[in-house]
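Keep the sequence and the 3D view side by side.

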Amino acid sequence: MKLLVINNLSSGFGEGAVYDFMRSFVHDGDEVCLRSTDGATAVSSLLHDASSFDAVVASGGDGTVATVSYTLAGSGIPVLPFPAGTANLLALNLASPMEPHALAKMVREGRTLDFDLGEIEVAGRRFGFGIMAGAGYDAAIMHGAEAGKRLFGPMAYISAAIANPMPQKSRFAIDLDGRRVESEGLGILLVNFSKIQFDITVTHGNEPRDGEFDVVVLKAKTAFDLIPAVFAGLLDRGGDWPGRTDALEIHRARQVRVEADPPMEVQYDGEATRLMTPFSARVMPRAARLFVSEEGFNQFAEWE
């Protein structure tokens, strides 16, 4: 095989597990090309000849994987989301192994599925996302966690949430496939994959191949008001499927436009953009081809 590895040196804890992956992966006759960035070189510029490779490994956090997948959207080039970031939510959602040797074996097995991507446009700039994007409280948490991610890992997000118990509240005007909805709350999320940290599901379904977003308005007045919804998400793992309480208002749409008064900061896949609403977004149906484990294949293949 001919493999292109995109390595984000600034992601996660910098432990270099991707090098163990490459050593485990290579067989006689294989070629592995490693291209690295610390953020100064755009990830997209490292993929100019990706079509000449059998597969691409995106080593970094969820934002790195999103950028690689978005750049290669619709190309049919399979991408391995290599979990080298802080939270690695995509690997969690896909039920992928975290160990580099198991990931190397998974690529050799060649099992792939095509998943939806989201495209968000804000302030004239476009970004691709695989898990979720949004504005408001979630973006504030991503922003607040940036400084501590390498030191504290996923706990940096908890610390950022605790540090902001009374986040800004805004009034939303939301266009959902041409239908206008008005609401208010602490933030809004466009959900493709639904699992977040600690295996909590934002919505009951985890349906990243259905061509639609779950559009979730965080209706709570304070961060503490979201706690019942968090517990409800935890109980999903036991098959109880409790309601998400009045703290969440959930819609479905393929194309979304959001205005907020006052404006809110926008984030995608854990990346704080420092750009403000309004934003628009659309689903790119099954635009990303990803390597999956047997468990992940069994979970998502039913959407064929």
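What covers the buried residues of helix 1? The cover includes strand 1 (2–8), strand 2 (31–37), strand 3 (55–60), strand 4 and helix 4. Bear in mind that this is a predicted model. The buried residues of helix 1 are Ala 17, Val 18, Phe 21, Met 22 and Phe 25. Down the axis of helix 1, these residues fall within an arc of 150 degrees, so they line one face of the helix.

Now the overall picture. The protein has 304 residues, and 55% of them count as buried. It contains nine helices and 18 strands. Take the contacts with a separation of 6 or more: 73% of them come from residues 24 or more positions apart. The accessible surface is about 13100 Å². Carbon and sulfur atoms hold 53% of that surface.

How far can the model be trusted? The mean pLDDT is 85, and 79% of the residues reach 70 or more. Two stretches call for care. Over residues 155–160 the pLDDT stays under 50, and the model has 15 contacts there beyond four places in sequence. Residues 227–242 also have pLDDT below 50, with 27 contacts in the model beyond near neighbours in sequence. Where pLDDT is low, the predicted coordinates should not be read in detail.

Back to the rings. A search of the whole structure finds seven aromatic pairs. One of them joins Phe 21 and Phe 82, edge-to-face, with 5.5 Å from centre to centre and 65 degrees between the planes. This pair links distant parts of the chain. Phe 21 is in helix 1 (residues 17–25), Phe 82 is in strand 4 (residues 79–83), and 61 residues separate them.

A second pair is stacked. Phe 127 and Tyr 268 are 4.8 Å apart, centre to centre, with 20 degrees between the planes. This pair also links distant parts of the chain. Phe 127 belongs to strand 6 (residues 125–129) and Tyr 268 to strand 16 (residues 265–268), 141 residues apart. Both Phe 127 and Tyr 268 are buried.

Phe 21 and Phe 82 have another partner. Ring pairs link Phe 21, Phe 25 and Phe 82 into a cluster. Which charged residue sits over the ring of Phe 25? The charged end of Arg 108 does, 4.2 Å from the ring centre. Another ring has a lysine over its face: Lys 2 lies over Phe 53, at 4.9 Å from the ring centre.

Next, helix 4. It spans residues 100–109, and its buried residues are Pro 100, Leu 103, Ala 104, Met 106 and Val 107. They fall within an arc of 160 degrees when seen down the axis of helix 4, so they line one face of the helix. Their cover includes helix 1, strand 4 and strand 18 (279–291).

Compare helix 2, residues 62–71. Helix 2 is mostly covered, with seven of its ten residues buried. These are Asp 62, Gly 63, Thr 64, Val 65, Ala 66, Val 68 and Ser 69.

Val 283 counts as buried because its relative accessibility is 9%, under the 20% cut-off. What does Val 283 touch, beyond residues up to four places away in sequence? The list is Asp 116, Leu 117, Gly 211, Glu 212, Phe 213, Ala 253 and Arg 254. Take Asp 116: it is 167 residues from Val 283 in sequence, yet the C-alpha atoms are 6.7 Å apart in space.

Finish with a loop residue. Arg 209 lies in the loop between strand 12 (200–201) and strand 13 (213–218). Is this arginine buried or exposed? Arg 209 counts as buried, because its relative accessibility is 3%. Arg 209 and Glu 302 are 93 residues apart in sequence and 9.6 Å apart in space, C-alpha to C-alpha.

Notes:
Residues numbered from 1 in each chain as written. Predicted model: local features only at pLDDT ≥ 70, side-chain atom pairs only at ≥ 80, totals over all residues. Heavy atoms only, no water. Helix = DSSP H or I, 4+ residues; strand = E, 2+ residues; numbered from the N terminus. Buried < 20%, exposed > 50% of the residue type's maximum accessible area, 1.4 Å probe, protein only. pLDDT = per-residue confidence, 0-100. Contact = heavy atoms within 4.5 Å. Phe/Tyr/Trp six-rings, centres within 6.5 Å; stacked < 30°, edge-to-face > 60°. Lys NZ or Arg CZ within 6 Å of the ring centre and 35° of its normal. Areas by Shrake-Rupley, 256 points an atom, 1.4 Å probe, with all protein chains shown as cover. Arc of directions from axis to C-beta.
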